[in-house]
Each structure stands twice: as structure tokens, then as C-alpha cells.
Amino acid sequence: MRKLLPGHGASRGSALGRARVRLPHALDVAEQRIRAREVDEELARLHGAIDAARAEMRELRTRLHGALAREVGEFLDLHALLLDDPELLQGLDDLIRKGRYGADYALRLQRDRLAAVFRDMDDAYLKSRMDDLDHVIGRIHAHLHSRAIDPEGLAGEILVSDTVAPSELAQLQAQGVVAVVTSTGSPLSHSAILARSLHMPLVVGCSAALAKINDGDALIVDGETGEVVVEPSAADLREFRQRLKDLKREQRELGRLRSKPTRTRDGLDIALHANAESREDVAQAHALGAAGIGLYRTEFLFLQRAELPSEEEQFHTYRDVVLGMSGRPVTIRTLDLGADKADRTGLALRGEANPALGLRGVRLSRAHGEVFDTQLRAILRASGYGPVRVLVPMVAIREELLDVRKRLKRLARQLVKEGHEIAAQVQIGAMIEVPSAAICVEHFIDLVDFLSIGTNDLVQYLLAADRNNDALGELYSPLRPALLHLLDGVLRAGRRHCKQVAVCGEIAGDPAMAPILLALGLEHFSLHPSHMLELRRTIRGHDRGALLKAAPALLKARDRSGIERWLAKAGANNET
Ligand code: PEP
Ligand code: MG
């Protein structure tokens, strides 16, 4: 029977496919005891499954290729390490040998024990390790029943699961999975960001998915609206086909804008910079005529690995980005770990009572001076290959920028002494994502060459609304007068001091927000390249002069519906 399940769109695109339901946590095995004489056989069965899971992992490792191979490979290595973890293995053996439990039940007990330990620690880093453990245990369990996912059998399928690990996404796509639906998760998760890079439709937070979707059900997934249709009707199928046709037509039309300028109707050129995390993003940014990289998130080099990347590795990564942009400026953001970006290197503090207000961004870097210096050295070395700008995340007070500037000066001298070729001038910028920095921007603007407004965090700190908390409903929204007034203030300060101001939060890539940003005087947008052509089209349809004139009315809006009414009027004047 047809069902419509709501979720959150996390990576755009529509897909029609057959559901492949995966219940990794569903080790709902009833208590299962064995006799003394069965112990050896049960141990052999368990270790056979563990060996098979290891072999499967090795096989996957050899099949990785492409831009994300290294990153995904690191996840697989970590999973392989877990498979060799003495605590996990010894615990399992003991449960079978001493507890006389069957292998399945032993797996369940061991998983639940470890889960309880992790849960009590209430720590984002350990929670993400729990996901890894679940994946590994799920693999062993599958092999116990010879249910290893048949790689050939996934073509045209839609994975339905509680979570999806970033390590799996590229591999699932290579195996023919056309979309993923998860019952938990947030559009701001690392998996979601990776899915967007891979152009894989993803719906997260579809809470009813596991209860309402059966293996083999036909599904239509819309990664934009977050809707999942189970057993679609003839009308749904017609609509889906129509949507695909419309999408293709739209892609063709947008394709024509590749070589066109991002110019408003009244002739103002707007700069579209790219947010990038991977080499593919950089290549796409280059191909679409991005003005440069406006935000290169370096934490992706540090996430999901046990060791810190060396100066050499960081230098090569940053240099590749600089070379990939052939002379266009590349803005490298220093490490923004902490809060929801939990690492495995042990840098981010565990168990903070209030991690979003804790040791993250530049605070964390300053707390680990050597790690910070290593990163700054790598960035400075990359500046010998093309224009590089350093962007500092989570700036809250002037002292933080003074410290970064001092470090950069000292490290530049050191590098020159060592014989490295670095740029004479590396611009430094501050992320404006903490309200104190937005309100008192005049107090430190003399210390920076440019500013970049991170609205994802600014909205959360301004409204005291966790960006990942569904329970807050619509409270977390950029359509708030307080945000618009802050944006207006920062943009005015930038104009007064002739300093470039960009917006690099998700709203910069949302064509619906473009009239607001243009009205407030924004001329530098930084967004994921996959949104670039659509935004270019929208901007080309607007008259910036008219929007500037309408700005006072926008700033008078007292609530979200007032802003929406203003937007409706502005949208009506768009001539795309
Ligand atoms: C932001 O906060 O808007 C931003 C761009 O940074 P991130 O999403 O990486 O925290
Ligand atoms: Mg941020």
C-alpha cells in the first residue's frame, strides 16, 4: 500500500529503486545457549565470520579509487582495526566459552555492553566510534548467516538504514545504490556533506523508515524535499518521470550558464566563490568558473583518523587545491574541530558539558599550539604556489586574531629562513559566526583583510538554537530579524573599511535567500559548487538597485512572516 514518509532532504536528486533494508542494530537475537561440546564449533563459526568480514574489508579497500579513495580508505582501515581489537574479540570468546552463549547472542551482548559504556560517556567522539563498532558488528553478524551484502545485487537499490557511515557512501555508489534513506541523522552531518559531493540523493531523519519500509518495496526518494514514497502509485511514477525530465531540462538550461558572468540585471558583477572539501569539489568549482575557493574546510583532513596529518601531508593537500584553482584565490580555513565535528585524533576535548560553547575552532587550535603551527606552516608553504588566504573560525574576541597574526609572522620568518618559497603577503580573514564578533566587528576589522560570515553557526548562537536539534522545529532559521540586522551591520562595516565580506554559510547557496543578501549589499557568496549555476541564474534575474532600495523595508520586518512577505515581493520582480 502506498505510504508517504517525511524526512529531511540532505542531498538533492530524485531516485526510484528497490528498498534494501539494513538493520545493523537489530541484533534482536533471543537468548541462545549452547552445550559444552558445541563451544568449539560455535567459536569456529564466529571466527570464520570475523575472517570473512576482514577479507571483505580488504577486498573493498583494493576496489577504492577516485578522489575520495583516501578518505574512505581510512574508515575501512579503522574498521579493520576494530576487527582485530583484543577487547572485542576476547569478550566474544569469553561469552561463548564461559557464558555458553551462541555466537549471535554473544555478538548482541558484547555490542550492548560496549554501547552502554559509550552512552554513559555522553561524548560525540565516542558516539561516532559506536557507529563504527555497529558497522563492524553488523558485518560479522551478516557473515555468520552468509548474508554479506552481495556487491552485484545492489544495483538500482535504495539503502534504508538507521545511519550510513561516510566510509560506505562512495562504495555503495560504486555498487549501484541509487539513493540512501536513514531514520536518524542531520543534513549537516559529515555523511550528508559527502553525499552532496558524490551527488547521491540522501534523505535523513526519516524516523518511520525502518518500521514502514520492507525489503524489496519500491521507493521514490526525493533528496530535496525529504519525501519518501513507499510502493508508489501510477500517479507518483508519472510525477517522478516528469520530475526527472524537468531536472534534465533544467540541467541543460543551467549548463548554458557555465561560461556566463554572474551579473545582475542592472549590470553588477557578483563573485561566486566555492565551499570545498574534496578534490572533486575543487575541480567542479574550477569548471563552473568560481571566483576562487571561499571556504576550504580543513577539518576533513583530521576527522575519522587516529593520527594527526603531518605538515607534509597537509602541505600537499593545500598545494593541490591551490594548483587546482590555477591562480584564483584559495581561502583555507584553519581547523574547526570540536562540537559536532568530533575527531579521532584525540584533539577535541571529550565530555564537555556544552561542546558548542566549548573548545572548538580557533580556541582548540590555540590550545594545541604545535598542531596549530604545523597547519599554519603547511598553509604558508602552499602560498608559494598561488594566492592563499587564511580564514580563522569561531573568532569571538580580538585577542584571538592578534595571536594568529603573531604566529603567522613568526612562522613565515621561520620558513623563509629554512629556504621555503612563500608568498610575501598572505591575507588573513575572520569567520563571523559568533554574535560577539558580529556586534563588535569594528573592534577588530583593522586586524583582517576580509571577513566571511558563517551563518550556520551564527544562527545557532544568535537564537541559542542547536543547529542539529530537530526538536526546536523552526526556531533555527535564517529568516529572523536579528540575523538580518547583524548581517547588515557586518556588511556596512566591511564597506566602511573597504574590506571584502562574504557569506559562506548554507544560505549563500540558497537561491531563495539571494534577494535578501543582495538587498543587504552582499557581493561575495561562497557556496557548494553544486548550487552555483542555479544561484547564478537567480542573481541574473534580479535588479540589485531595486533590491537595495527595498532594504529598509526588509529591515523593518518584525518576524519571519514579515520577511517572507518581503521575499515574495522580491521574488515576483525576478526575471529569470
Ligand atoms: C558556518 O558556520 O556557517 C560555516 C560555514 O562553518 P561550518 O558549517 O563548517 O561550521
Ligand atoms: Mg561554523
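Is Cys498 buried or exposed? In this predicted model, Cys498 has a relative accessibility of 72% and is therefore classed as exposed, the threshold being over 50%. The residue lies in the loop that joins α17 to β15 (500-503).

Ala464 belongs to the loop between α16 (455-463) and α17 (481-496). With a relative accessible area of 68%, Ala464 is exposed.

Other cysteines are placed in the interior. Cys206 has a relative accessibility of 0% and is buried, and Cys504, at 1%, is buried as well. A disulfide is a covalent bond between the sulfur atoms of two cysteines. Across the whole structure, the search returned 0 disulfides.

Helix packing was examined for α11 and α13. Two packed helices are described by the angle between their axes and the distance between the axes. Helix α11 (residues 311-324) and helix α13 (residues 369-382) have axes that come within 8 Å of each other and cross at roughly 35°. The crossing of α11 with α13 is right-handed. On the α11 side, the contact is formed by Glu311, Glu312, Gln314, Phe315, Tyr318, Arg319 and Val322; α13 contributes Thr374, Gln375, Arg377, Ala378, Ile379, Arg381 and Ala382. By residue class, the contact of α11 with α13 comprises 6 nonpolar, 3 polar and 5 charged residues.

Terms used. Residues numbered from 1 in each chain as written. Chains lettered and ligands numbered in written order. Predicted model: local features only at pLDDT ≥ 70, side-chain atom pairs only at ≥ 80, totals over all residues. Heavy atoms only, no water. Helix = DSSP H or I, 4+ residues; strand = E, 2+ residues; numbered from the N terminus. Buried < 20%, exposed > 50% of the residue type's maximum accessible area, 1.4 Å probe, protein only. Disulfide = S-S within 2.5 Å. Axes fitted to C-alpha atoms, helices over the stretch in contact; angles between N-to-C directions. Left-handed = near helix turned anticlockwise from the far one by under 90°. Contact = heavy atoms within 4.5 Å. Nonpolar A, V, L, I, M, F, W, Y, C, P; charged D, E, K, R; others polar.
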